[in-house]
Amino acid sequence: MEEITDGVNNISISDSQKRNRIQVSNTKKPLFFYVNLAKRYMQQYNEVELSALGMAIATVVTIAEILKNNGLALEKKIMTSTVDIKDDSRGRPVQKAKIEILLGKTANFDDLMAAAAEEKEVREAEEQSRAEQKM
């Protein structure tokens, strides 16, 4: 029984199971889904790792640039590599480019997020007021 406990205590989260990693696809979700998800991950974990293969690399770079240009994120690390992906149609592995971008919160991230939430509340209140006036 002690061996099992030792094994469980020594488990570390592997790279493929990082909680703050977003694996981006350029076909599954719209761009701003990933931008908003990255903001939420930064709120929760103080940093986010964006990861993509092949054609989705441009999408990851765009997401990172949107967050940086809006003053929400700082670039901490960029890693590039090549991975072998099994291609069932060809029956042999195909090499794909991979990028991982680690972003951290800026010093004023929380202030910017609070201001954006406040603007949204004001906008929704104004829309509600206009809707009530039409009745």
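**Entry 1. Terms and overall layout**

I take helices and strands as DSSP runs numbered from the N terminus, a helix having at least four residues and a strand at least two. With that convention I located Met 55 in the loop between E2 and H3. I note at the outset that the model is predicted.

I then listed the elements of the protein and found four helices and four strands. Read from the N terminus on, their order is α-β-α-β-α-β-β-α. I looked up the extent of burial next: of the 135 residues in the protein, 27% are buried. I also checked how far apart in sequence the contacting residues are. Among contacts with a separation of 6 or more, 68% join residues 24 or more positions apart.

Is Met 55 buried or exposed? I find a relative accessibility of 71% for Met 55, so this residue counts as exposed, the cut-off being over 50%. Met 55 and Ala 97 are 42 residues apart along the chain, and their C-alpha atoms are separated by 8.6 Å.

**Entry 2. The largest nonpolar core**

I asked which residues have the most contacts inside the largest nonpolar core. They are Ile 22, Val 48, Leu 50, Leu 67 and Leu 103, in a core of 25 residues. I traced the contributors by element: helices H2 (31-45), H3 (57-69) and H4 (109-134), together with strands E2 (47-53) and E4 (92-105), each supply at least two residues of this core. As a general point, nonpolar side chains in soluble globular proteins tend to be buried together.

I took Val 48 as an example. Beyond four places in sequence, Val 48 touches Asn 20, Ile 22, Ala 38, Tyr 41, Met 42, Ile 101, Leu 102 and Leu 103. Two of these partners, Ile 22 and Leu 103, are themselves listed with the most contacts inside the core.

**Entry 3. Met 113 in helix H4**

I place Met 113 in helix H4. Its relative accessibility is 18%, so Met 113 counts as buried, the limit being under 20%. I looked up which residues Met 113 contacts when neighbours within four places in sequence are left aside, and found Lys 39, Gln 43 and Leu 72. For Gln 43 I also recorded the C-alpha to C-alpha distance to Met 113: 9.0 Å in space, with the two residues 70 apart in sequence.

**Entry 4. The largest pocket**

I noted a space of about 210 Å³ in the largest pocket. The pocket is lined by 13 residues, and those closest to its centre are Val 24, Ser 25, Ala 52, Leu 53 and Ala 56. Elements E2 and E4 give two or more residues to the lining. The largest share, three residues, comes from E2. Sorted by class, I find five nonpolar, six polar and two charged residues in the lining.

**Entry 5. Salt bridges**

How many salt bridges does a search of the whole structure find? The search gives eight.

I examined three of them. In the pair Lys 68 and Glu 75, the closest N and O atoms are 2.6 Å apart. Lys 68 is partly exposed at 25% relative accessibility, and Glu 75 is partly exposed at 40%.

Lys 98 forms a salt bridge with Glu 100, with 3.8 Å between the closest N and O atoms. Glu 100 is buried, its relative accessible area being 12%. I also find Lys 98 and Glu 100 linked with Arg 21 and Glu 49 in a network of salt bridges.

The side chains of Lys 120 and Glu 124 meet in a salt bridge at 4.0 Å, N to O. Because these two residues are four apart in helix H4, Lys 120 and Glu 124 are separated by about one helical turn. Both ends are partly exposed: Lys 120 at 45% relative accessibility and Glu 124 at 43%.

**Entry 6. Backbone at Asn 46**

I looked up phi for Asn 46 and found a value near 70°, which is positive in a residue other than glycine. In general, most residues other than glycine have a negative phi. Asn 46 is placed in the loop between H2 and E2. Its relative accessible area is 47%, so Asn 46 is partly exposed.

Key: Residues are numbered from 1 along each chain as its sequence is written. This is a predicted model: local features need pLDDT of at least 70, side-chain atom pairs count only at pLDDT 80 or more; totals for chains, interfaces and linings use all residues. Side-chain values use heavy atoms; hydrogens and water are left out. A nonpolar core is a set of buried Ala, Val, Leu, Ile, Met, Phe, Trp, Tyr and Cys residues joined through side-chain atoms within 4.5 Å. Buried means under 20% relative accessible area, exposed over 50%, partly exposed in between (1.4 Å probe, protein chains only). Contact means heavy atoms within 4.5 Å. On a 1 Å grid over the protein atoms alone, a cavity is a set of points where a 1.4 Å probe fits but cannot get out, and a pocket is an open set with protein on both sides within 12 Å along at least five of seven lines; lining residues have an atom within 4 Å of a point. Grid points are joined across faces, edges and corners, and a volume is the space filled by probe spheres set on the points. Ala, Val, Leu, Ile, Met, Phe, Trp, Tyr, Cys and Pro count as nonpolar, Asp, Glu, Lys and Arg as charged, and the others, Gly among them, as polar.
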